[in-house]
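Thanks for coming. I will walk through one structure, going from single residues up to the metal site and the sheet. Please have the viewer open.

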Amino acid sequence: MAAISSPASTILMLEKCKSMPEIRQIHAYMIKTGLVYQTLAISRVVAFCSLSGVSGGLDYATSVFHRIQEPNCFVYFAIIKGFADSRDPLKSLVLYSQLLHCLGEFDGLEFSLPSLLKACGMSKAFEEGLQLHGQILKTRFLFDPFVSNSVVRMYLELGQLGMAKRAFDTLPSRDVFSWNSMIAGYSKANEIDLARGLFDEMPQKDLVSWNTMIDGYARCGRCELARELFDMMPRKDIVSWTAMISGYTFNQRPREAVHLFREMLHVSIRPDSAAVVSVLSAIADLGFIEEGRWVHGYLRAHKCSLSSGFIGSALIDMYAKCGYIEDAYHVFTNISHKRSIGDWNSIISGLALHGLGEDALEIFHEMETIGIEPNEITFLGVLTACCHSGLVEEGELYFKLMKENYKISPKIQHYGCMIDLFSRAGNLKKALTIIHDMPMEADDLAWKAVLSACMKHGDVETGELAAQRVMELAPNDSSCYVLLSNIYAKARRWDDVAKVRSMMRERGVKKIPGCSTVYANGKIHEFLVGMEMDGRYGGMILSKLEEVVCRLKLEGYEPDLTQVLVDVGEEEKESLLKLHGEKMAVSFGLINVGKGALIHIVKNLRVCSDCHSFMKLVSKVYNCNLVVRDQNRFHHFTNGYCSCNDYW
Ligand code: ZN
Ligand code: ZN
């Protein structure tokens with residue numbers, strides 16, 4: 001170490017310090033030479049340690065601090081700020097009362113007050129916050145804009161919107177920061193109309209306030225209003241574009257997200273990683289690879305790093321959700337040198353989605369071998385993988401591993417996987433035991449897993465119980481009525497089938513309209529259940545469908561009429577079944593996609609069992625490959641079989 005001879009050179013050395021070992025070395029030297037008694041120098045040690053963010057820094061600072069005989073207020077300020085930003089922010093208040101005790105006057109307190117107010121907000125210390133505010137009101141600090149803005153922010157953080165607004169209204173001077181904090185606070189508390197009122201009142205709006213409003217509107221599902229502001233904005237920056245694109249993605253309007261992303265590139269704005277991640281997740285939602293390949297191409301052409309801000313994970317996820325698991329794996333191997341935990345999680349969930357459970361487990365082992373700590377999302381992927389591939393023993397094993405080795409307490413989703421796993425395997429008793437023993441109430445998804453299994457295994461009694469629970473937990477969900485009616489139909493209890501139907505009618509439960517999309521000739525085509533097929537094109541699809549049904553009937557296809565839940569004659573039921581979107585989409589695909597090519601369909605609901613057997617036969621009779629992504633997973637139909645083994 002270079003010789004340190006004076007306080008000045010010690011300070012110079014301290015300022016260059018980057019790690020705890022260096023600081024310890026300097027501190028040791030200071031003890032040896034007596035420099036430790038120089039207040040200025042030792043204050044720097046405390047300040048550096050408490051503010052550096054270096055691990056263990058704050059503890060070291062505290063121990064040095066307690067050995068200073070007469071700490072000056074700057075030492076206090078440093079350590080108060082250090083604690084205010086730590087995991088235990090309330091400790092800063094204790095130090096603050098000590099500081100008040102030894103200070104003759106309030107000189108310099110304005111340096112500490114913003115940190116202390118923040119600490120109160122972060123740790124939800126309402127009483128302490130009130131006391132601080134009371135103290136501020138009695139002093140000149142009220143006129144310090146940093147302090148008074150911090151008061152507003154503290155009340156917002158505490159969820160005290162009324163007090164925040166009162167503090168805001170009585171601010172001696174309001175700057176753009178005060179306005180923006182108040183607008184952001186309202187927006188965060190879902191009081192978007194109040195935020196808008198303030199926004200309209202704001203004398204000089206800056207980019208931050210516009211972006212906050214766009215983001216706020218999008219987060220509460222009001223995309224139209226967000227878009228209106230977006231279009232009105234005098235100057236848009238990358239944050240505005242990203243807010244709008246992710247708003248569309250968040251509200252499940254993926255097409256608009258992709259469209260806007262293209263528009264952004266068109267006006268020569270370079271996307272940041274958040275915009276790329278948003279557009280990739282919109283594409284994953286849409287389920288069609290073409291747009292995804294185009295974005296990937298853009299990333300390559302512009303040499304964007306896949307490891308910046310989750311782009312890699314989003315890309316893996318996109319390929320997997322669009323049905324191209326090999327490409328997902330390819331991206332995963334390409335970023336082998338700098339993978340984040342998100343990348344591992346994405347590939348594991350992707351493999352699970354495709355029913356490739358054993359591959360998913362292999363990746364998990366690789367992860368463990370090289371010492372990457374899995375988190376709760378990793379285990380969600382692992383358990384889903386076991387579930388989709390019927391790996392019951394493995395599922396039990398990993399569930400135990402997660403709790404015992406990794407000390408991760410299972411969330412409702414993990415329990416849901418286990419319930420689904422046992423239900424699928426036909427062990428309904430075990431599934432019900434888990435529901436009974438788990439620390440939280442089972443949700444509608446868990447009961448729906450049981451219900452689906454009851455249909456598969458023909459267990460009417462448990463099915464009734466499960467349906468009852470789903471109806472209570474998700475009263476507007478029509479799928480449990482369909483499943484229950486299917487269970488009765490399978491048991492040939494037609495009176496009960498009729499009862500379910502009238503129950504649905506009485507309660508006004510509406511089925512979510514089924515929608516299937518298929519990509520052909522550079523465009524996405526949408527088919528809704530029972531949609532009017534008119535024009536020459538519509539006629540062509542319908543007559544193709546007629547032809548397909550005839551050919552399939554020769555192969556033994558019998559329309560499963562129990563899938564129709566309305567009171568109509570058998571003949572009419574059959575024609576209603578035909579109008580399920582995925583059948584029209586298949587016919588459309590057979591007309592438009594070249595022979596031997598893949599027909600790729602995305603469906604918003606769970607595919608019904610009639611459509612499922614229809615597609616199995618189509619793949620055989622027409623010798624084609626069909627890939628269908630429904631609400632839960634992928635179905636790869638080839639030569640009369642489906643990758644889900646008829647259980648989904
Ligand atoms: Zn169907
Ligand atoms: Zn299937």
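One term before the residues: buried means under 20% relative accessible area, exposed means over 50%, and partly exposed is whatever falls in between. This is a predicted model, so please keep that in mind throughout.

Take Lys124. Its relative accessible area is 49%, so by those cut-offs Lys124 is partly exposed. Lys124 belongs to the loop that links α7 (113–122) to α8 (126–137). Its phi is near 55°, which is a positive value in a residue other than glycine.

The loop here is the one between α11 and α12 (192–201). At 55% relative accessibility, Asn190 counts as exposed, because the cut-off for that class is over 50%.

Now the chain as a whole. How many helices and strands does the protein chain have? The count is 34 helices and six strands. The chain has 648 residues, and 49% of them count as buried. Along the principal axes, the C-alpha atoms fill a box of roughly 100 × 55 × 55 Å. On contacts, consider pairs at least 6 apart in sequence: 61% of those contacts join residues at least 24 apart.

Asn180 sits in helix α11, residues 176–188. Its relative accessible area is 11%, so Asn180 is buried. Which residues does Asn180 touch, once neighbours within four places in sequence are set aside? They are Met202, Asp206, Val208 and Ser209.

The other one is Thr462, in helix α28, residues 460–473. With a relative accessible area of 14%, Thr462 is buried too. Setting aside neighbours within four places again, Thr462 is in contact with Leu432, Val450 and Cys454. The C-alpha atom of Thr462 is 7.7 Å from that of Leu451, and these two residues are eleven apart along the chain.

For helix packing, I picked α3, residues 39–51, and α5, residues 73–84. Their axes come within 8 Å and cross at roughly 10°. Angles under 35 degrees count as roughly parallel, so α3 is roughly parallel to α5. On the α3 side, the contact is made by Ser43, Val46, Ala47, Ser50 and Leu51. On the α5 side, the residues are Val75, Ala78, Ile79, Lys81 and Gly82. Sorted by class, that contact of α3 with α5 has six nonpolar, three polar and one charged residues.

Then the sheet. In what order do the six strands lie? The order is β2-β1-β3-β4-β5-β6, in an open sheet with mixed pairing. β2 (523–528) and β6 (641–642) stand at the edges with a single partner strand each, so one side of each has no neighbour in the sheet. Helix α34 packs on this sheet and touches β4 (625–629), β5 (634–638) and β6. The direction of α34 makes about 40° with that of β5.

Looking at one end of the sheet, β1 covers residues 515–520, and six bridges join β1 to β2, the two running antiparallel. Cys515 stands opposite Leu528 in β2. β1 and β2 form a hairpin with two residues between them. Asn521, in that turn, has a positive phi of about 50°.

Last, the metal site. Which protein atoms are donors to the zinc ion, ligand 1? They are ND1 of His580, SG of Cys608 and SG of Cys611, lying 2.0 to 2.3 Å from the zinc ion. Along the chain, the donors follow the spacing H-x27-C-x2-C. His580 lies in the loop between α32 (570–578) and α33 (581–592), while Cys608 lies in the loop between β3 (598–603) and α34 (609–621), so this pair ties together parts that are 28 residues apart in sequence. His580 and Cys608 are both buried.

To recap the site: the zinc ion has His580, Cys608 and Cys611 as its protein donors.

Technical notes:
Residues numbered from 1 in each chain as written. Chains lettered and ligands numbered in written order. Predicted model: local features only at pLDDT ≥ 70, side-chain atom pairs only at ≥ 80, totals over all residues. Heavy atoms only, no water. Donors = N, O, S within 2.8 Å, 3.2 Å for Na, K, Ca; no water. Helix = DSSP H or I, 4+ residues; strand = E, 2+ residues; numbered from the N terminus. Buried < 20%, exposed > 50% of the residue type's maximum accessible area, 1.4 Å probe, protein only. Axes fitted to C-alpha atoms, helices over the stretch in contact; angles between N-to-C directions. Parallel < 35°, antiparallel > 145°, perpendicular 65-115°, else oblique. Contact = heavy atoms within 4.5 Å. Nonpolar A, V, L, I, M, F, W, Y, C, P; charged D, E, K, R; others polar. Pairing = 2+ DSSP bridges.
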